[in-house]
Amino acid sequence: MKVLVIPTTDWIRHPVPNRLNFIFDILAERHEVYVLHFDLKRFRNMRERETNCRLLGASWIEVFDPSLYYILNFPYHIWKIRRIVKEKGIEVILSTNVLPSLAANLSRKPIVFDYLDHLEESASIYYPGSALGEVVKYVVGRITRFNLRHARSVITVTRELREHLLGVGVKDIAVIPNGVDSRALQPLSMSESKSSLGLRGTVLGYVGSLEHWVDLEMVIAALPHLDATLLVVGPGLFTDYGEGIKRMAEDLGVAERVVFTGAVPYNELSRYISAMDIGLNPLKMMKKNEYAAGGKVFNYLACGRPVLSSRMVSLERLLGDKIYYYDDVESFIEQVGRIMMMGRATERFRSLAERYDWRVISSDYEKVLIKAALK
């Protein structure tokens, strides 16, 4: 099968790989997978990841702002996608972007749309509390609905997102959850991992982007009441959210107990997660978070660590009481104490993560693509 992937961002330089990177590097072992490669200027100095996919450059006008990049390059993307489809004999397109997906509709090839999360809210979150954010939300919502309704099939990550899609008129929907590369992420010695990072005592850890959909504010507010260090592993991408968290920690007098590492390559995360006593999934209450179930939860589990998450309906339905939840600062503090008294269950958490290994998930993904190509 010959597949063209239209990703959300720069395929090899974005510091946080998403599900498409893992799934299509696996599928490229037995299919011809081409990627419309957005060589985004913002990530030009980031370390490149290796990929099994074949990258096809898609930049005509280079600008620093990603939103403006997609707008200015839209006519070029229409031409580029049609040319790729013709020259490479593409049989199916997998898309998850906004404007480039709109351009793909002109290719006359079957499209499978991967609805990763509530896209209009994801786009507007980069403009918190502004009129521009509301405009972005409206425009992205309209384009996304058009793309969804014109796709031959839609893949999404939770039943909650499936229900949302049914409500906007999408019919052919497959639920394929997020996962983890359990070969790359393995449990390591906690004491050795802590020592190598200069950490001691109880360590609460967060792995992921530092953006406004994250609720590290509640974690910082709890720190004065806990004898623990917070390890924050991940980059700020588009906003100053991380700087705001640092200021809050200083104001509460806990700055010396908050450690920021910046971006860490995926295949090096085991040491950082293994240094944690508890992996955190702190999220603000918004549709983007309530409906989706992100991959960081499985990263923690793959390293044998318990997970403490904001209470989200999608996660509760997916994992139930296999992870822990909190609703406010008080319950966060209580749950940390409870988890620390429970003792370690590394193998149990690891076993749960292995059910969601990307190699298992990619086979379900492959079936949807083949079905769409043959319709």
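Two strands pair if DSSP finds at least two bridges between them. The views below come from a predicted model.

**View 1. Ser309 faces Tyr325 across a strand pair.** Ser309 stands opposite Tyr325 in strand S13. Strand S12, residues 307-310, pairs with S13 over three bridges. The two strands pair in the parallel sense.

**View 2. Six strands form an open sheet.** The strand order is S10-S9-S8-S11-S12-S13, and the pairing is parallel. Strand S10 (258-262) and strand S13 (324-326) stand at the edges. Each has a single partner strand, so one side of each is left without a neighbour in the sheet. From one strand to the next, the twist averages 25°.

**View 3. Helix H15 lies across strands of the six-stranded sheet.** H15 covers residues 329-342. The helix lies across strand S8 (202-207), strand S11 (278-281), S12 and S13. Its direction is at about 160° to S13.

**View 4. Seven strands form another open sheet.** Here the order is S3-S2-S1-S4-S5-S6-S7, with parallel pairing. Which strands stand at the edges? They are strand S3 (54-57) and strand S7 (173-175). Each has a single partner strand, so one side of each lacks a neighbour in the sheet. Neighbouring strands of this sheet are turned by 25° against each other on average, direction ignored.

**View 5. Val154 faces Ile173 at the S6-S7 pair.** Val154 stands opposite Ile173 in S7. Strand S6 holds residues 153-156. Three bridges join S6 to S7, and the two strands run parallel.

**View 6. Helix H1 packs against helix H17.** H17 spans residues 358-374. The two axes are 9 Å apart, at an angle of about 80°. Angles of 65 to 115 degrees count as roughly perpendicular. H1 and H17 are therefore roughly perpendicular to each other. Which residues of H1 meet H17? They are Arg19, Leu20, Phe22, Ile23, Phe24, Ile26 and Leu27. From H17 come Trp358, Arg359, Ile361, Ser362, Tyr365, Glu366 and Leu369. The residues of this contact divide into ten nonpolar, one polar and three charged.

**View 7. The second largest pocket is lined by 29 residues.** Its volume is about 800 Å³. Phe22, Arg49, Glu50, Tyr266 and Asn267 lie nearest the centre of the pocket. H1 and H17 each supply at least two residues of the lining. Which element gives the largest share of the lining? H1 does, with four residues. The lining divides into 13 nonpolar, five polar and eleven charged residues.

Terms used. Residues are numbered from 1 along each chain as its sequence is written. This is a predicted model: local features need pLDDT of at least 70, side-chain atom pairs count only at pLDDT 80 or more; totals for chains, interfaces and linings use all residues. Side-chain values use heavy atoms; hydrogens and water are left out. Axes are lines fitted to C-alpha atoms, for helices over the stretch in contact, and angles run from 0 to 180 degrees between N-to-C directions. Angles under 35 degrees count as roughly parallel, over 145 as roughly antiparallel, 65 to 115 as roughly perpendicular and the rest as oblique. Contact means heavy atoms within 4.5 Å. Ala, Val, Leu, Ile, Met, Phe, Trp, Tyr, Cys and Pro count as nonpolar, Asp, Glu, Lys and Arg as charged, and the others, Gly among them, as polar. On a 1 Å grid over the protein atoms alone, a cavity is a set of points where a 1.4 Å probe fits but cannot get out, and a pocket is an open set with protein on both sides within 12 Å along at least five of seven lines; lining residues have an atom within 4 Å of a point. Grid points are joined across faces, edges and corners, and a volume is the space filled by probe spheres set on the points.
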